[in-house]
Amino acid sequence: MTFPGLETRQLATGLILALGLAGAASSQAADTYTVGVEASFPPWAYVEGGDYKGIAIDAMEKIAEDQGLDIEFKDLPFPSLIPALSAEKIDILATGLTVTEQRAKVIDFTVPWWETNDVIVVPKDSDLNVFTAVCCGATIGVQGGSSQKAWMEANVTNSDIDVNLKSYDSYVTAITDMLNGRISAVDVDDTSAQEYINEGRPVKLAGKIFIRAPLALAVSKGDPQGLLAKLNQGIVNLAESGEWATIVHNYIPGVTVPSVPGNMPEYVDTYRKPVAGLPDLGN
């Protein structure tokens, strides 16, 4: 026996249930945050055996675990990372990202978790030093969109110094080009340079450019996902637990780990009191 309207009610109930499940799935998907990385930038992020590895990868996984975040990594060329974050195509940027005033205008930084200086890398058999490597018609390799490129443009190529810059998608390619004699040196952060040496590449440091630049994670401007507080708390918890130093030393044995959180320039508005998640901090 059938009852009038039963099929209609069953159909409506099924549709409501289906929509509810779809909404739940959509909500669950929205809770998975995409972490953009440059996976050709050791020791911060790289791929080995099909798996993501590196300081930023391991640290981000620990922070996510500490703060109850579900994350997935997405590999992008470095010049694409900040535009992708600004366009909210990724939710978090986690790599060796230097804090700069220009970047602070378009993305929001967490508290600093590292401090770096730039170094000039040359072939191991080269007799160049930091002065002779950056003069006299030399061609210096830099990564497109990097703070090293910006510094070289502001302080070297825009002056009377006769130097040419060649941009690369990754420092690995730049180092390879240098070893093949296509360029004379590479300007890179000191952490990555030490990694290349530890790997046994035939390179050495010609000299250091002391800029003491902070590194941090980043989110889209205005923090639309409300992630800054969680990331800030996760970074500090990671450092205070000792796990941050363990992760760093796993990739760079013996390196001095800067204090966390580090110093932040005045122009970074997300580091003004009260800092998200850490109200006692800030300039």
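The following legends describe close-up views of a predicted model.

**Figure 1. Confidence across the predicted model.** The pLDDT of the protein averages 87, and 89% of the residues reach a score of at least 70. Residues 1–30 have a pLDDT below 50. Beyond near neighbours in sequence, this stretch has 2 contacts in the model.

Figure 2. Helix 7 spans residues 190–198 and includes Thr-191. The relative accessibility of Thr-191 is 6%; because buried means under 20%, Thr-191 counts as buried. When neighbours within four places in sequence are left aside, Thr-191 is in contact with Pro-43, Trp-44, Trp-114, Thr-116 and Ile-252.

**Figure 3. Thr-191 and Pro-43.** These two residues are 148 residues apart along the chain, and their C-alpha atoms are separated by 7.5 Å. Pro-43 is one of the residues in contact with Thr-191.

Figure 4. Asp-177 belongs to helix 6, which covers residues 171–179. With a relative accessibility of 10%, Asp-177 is also classed as buried, because this value falls under the 20% cut-off. Apart from neighbours within four places in sequence, the residues in contact with Asp-177 are Lys-166, Tyr-168, Arg-182 and Ile-183.

**Figure 5. The polar contact between Asp-177 and Tyr-168.** The side chains of Asp-177 and Tyr-168 make a polar contact at 2.7 Å.

Notes: Residues are numbered from 1 along each chain as its sequence is written. This is a predicted model: local features need pLDDT of at least 70, side-chain atom pairs count only at pLDDT 80 or more; totals for chains, interfaces and linings use all residues. Side-chain values use heavy atoms; hydrogens and water are left out. Helices (H or I, at least four residues) and strands (E, at least two) are DSSP runs, numbered from the N terminus. Buried means under 20% relative accessible area, exposed over 50%, partly exposed in between (1.4 Å probe, protein chains only). Contact means heavy atoms within 4.5 Å. A polar contact is a pair of N or O atoms within 3.5 Å; within protein, one must be able to donate a hydrogen and the other to accept it, and residues adjacent in sequence count only if both atoms are side-chain atoms. pLDDT is the predictor's confidence in each residue, from 0 to 100.
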